[in-house]
Amino acid sequence: QVTPAGILANFLLIPPAYLAAFAALSLAGTALRTWQYRMLLANRLGFAALFPVTLVRNFSVDLLPARTASLVLYSWLTRKKGIALAQGASSFILSVFYDFIALALMLGMLLPFFPGGMRRGPLAAAMAALFGLSALVLFGARPLLSLIERNGWLRRRPLDRLAAAVRHVGDYLAEHEGAGERLALLAVSLAGRLCKYATNYVLFEGVLHLGFSLRNFSLFCVGLAAIEASAHLPVQGPAGFGTWELAFALVFSALRVPADNLREAGFVLHITTQAWEYAIGLLALGFLTLGRRSGGAALREPEAPPATGRGPSRSR
C-alpha cells in the first residue's frame, strides 16, 4: 500500500526549516550523548575525541539486534584511544540503563499532557517497571556481582570464562557509585532523551502538520517509545526496515492520530533519520580509521616504547 512516489511526496511536505532544525537537534543530541560517555569514562577522553565515536555509535544501533553492533564498534574505537576494553564496554552498557531511567522520567513528566480520553494506568505501570528495573541494575548490581564472585559460581566450566568480565564490571561500578556523579549522569541522560525525541518530533510534525503542542508531543513520545521496543523483536528487517514501519503504523493508529498518511510518514521518518545518521556516521568512521586529526596522526594502536635507548623509559 506504500509506493516510492508516495514516500517522496510526503517527504516534500517537510518545510526546509524543519529539516534544518532536525539536523541541529540531532547534533545537539549527539553532543549530550558524548558528554554522557565522557562522564562514564571518568573524563579520560576529551569531547573532541569522543564526538566522532558517538556518531559511529548512532548509525550502528540498528545494524544488529540488542545494539550489539554499536557496542562492538564503540568498545573497539575507545580501545583504540587507550580505554580498556572492559571499561569501554561497561560504560556503554551502563549508558543504556541510564537512558531507560531517563526515558521513564521523561514520559512521566509528559503524562499529564497525554490525551485525557486514553487510559494512563498501563502507561504509568510500564514506566514504573522500566524505572525500577533500570534502577535495580544501576544501584543493586554491584552487591550481586560481589556475591556471585565470593561464592565461586563462575569458577565452574564453562562459566569460568565470565569470571574476569564480572570482576571488571564490579570494579567499574565501584568507581562510579558517587551520588553526585549519578545525578549528573541522570540529568545529562534526561536532556539527551528529550533532545532525541524532539529531533524526531520535528520530522513527524513536518509530515503530518498536526500542530506543535505539549499534547501532541506527549502522544508522539509515548508512541515512539513503543515503536522503539520493536528493535528487540527476534526477527528484524535490514537496519530495522519493515518491522519499524509496521510498528509505527500500528502504534499511532492505536493512539488515534488523525492522519491518513501514517504509513508513508513512518517511512519518511525512518529513511530520513537513517540516511542522516549513516551519512555523518560513516564520515566519522572514515575520519577515525583513515583520516588524520588536526595536529595528530591517524587513529591507531599506541606504539610501545623502544626497548633500548639512552633516555629513561616512560610508563604508558
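Relative accessible area sorts residues into buried (under 20%), exposed (over 50%) and partly exposed (in between), with a 1.4 Å probe and protein chains only. The structure described here is a predicted model, in which local features need pLDDT of at least 70 and side-chain atom pairs count only at pLDDT 80 or more, whereas totals for chains, interfaces and linings use all residues. Residues are numbered from 1 along each chain as its sequence is written, and side-chain values use heavy atoms, with hydrogens and water left out.

Confidence is given as pLDDT, the predictor's score for each residue from 0 to 100. The protein chain has a mean pLDDT of 82, and 80% of its residues reach 70 or more. Helices are DSSP runs (H or I, at least four residues), numbered from the N terminus. Helix H2 (residues 16-40) has the highest confidence, at a mean of 96, and helix H7 (residues 163-175) the lowest, at 70. The pLDDT is below 50 over residues 293-316, a stretch that has 21 contacts in the model beyond near neighbours in sequence; a contact means heavy atoms within 4.5 Å. Where pLDDT is low, the predicted coordinates should not be read in detail.

Helix H3 (residues 47-59) packs against helix H11 (residues 262-289) at an angle of about 135°, and their axes are 8 Å apart. Axes are lines fitted to C-alpha atoms over the stretch in contact, and angles run from 0 to 180 degrees between N-to-C directions. H3 and H11 are therefore oblique to each other, a class left over once angles under 35 degrees (roughly parallel), over 145 (roughly antiparallel) and 65 to 115 (roughly perpendicular) are set aside. Residues of H3 in this contact include Pro52, Val53 and Phe59, and those of H11 include Tyr278, Ile280 and Leu288. By class, the contact has 12 nonpolar, two polar and one charged residues; Ala, Val, Leu, Ile, Met, Phe, Trp, Tyr, Cys and Pro count as nonpolar, Asp, Glu, Lys and Arg as charged, and the others, Gly among them, as polar.

Tyr98, in helix H5 (residues 85-110), is buried because its relative accessibility is 5%. Not counting residues up to four places away in sequence, Tyr98 touches Gln36, Leu40, Leu138, Arg182, Leu185, Leu186 and Ser189. The C-alpha atoms of Tyr98 and Leu186 are separated by 6.3 Å, although the two residues are 88 apart along the chain.

Most residues other than glycine have a negative phi. Ala42, in the loop between H2 and H3, has a positive phi near 55° and is partly exposed at 44% relative accessible area. Arg256 lies in the loop between helix H10 (243-254) and H11. The phi of Arg256 is also positive, about 60°, and Arg256 is exposed because its relative accessible area is 59%.

How values were computed. Helix = DSSP H or I, 4+ residues; strand = E, 2+ residues; numbered from the N terminus.
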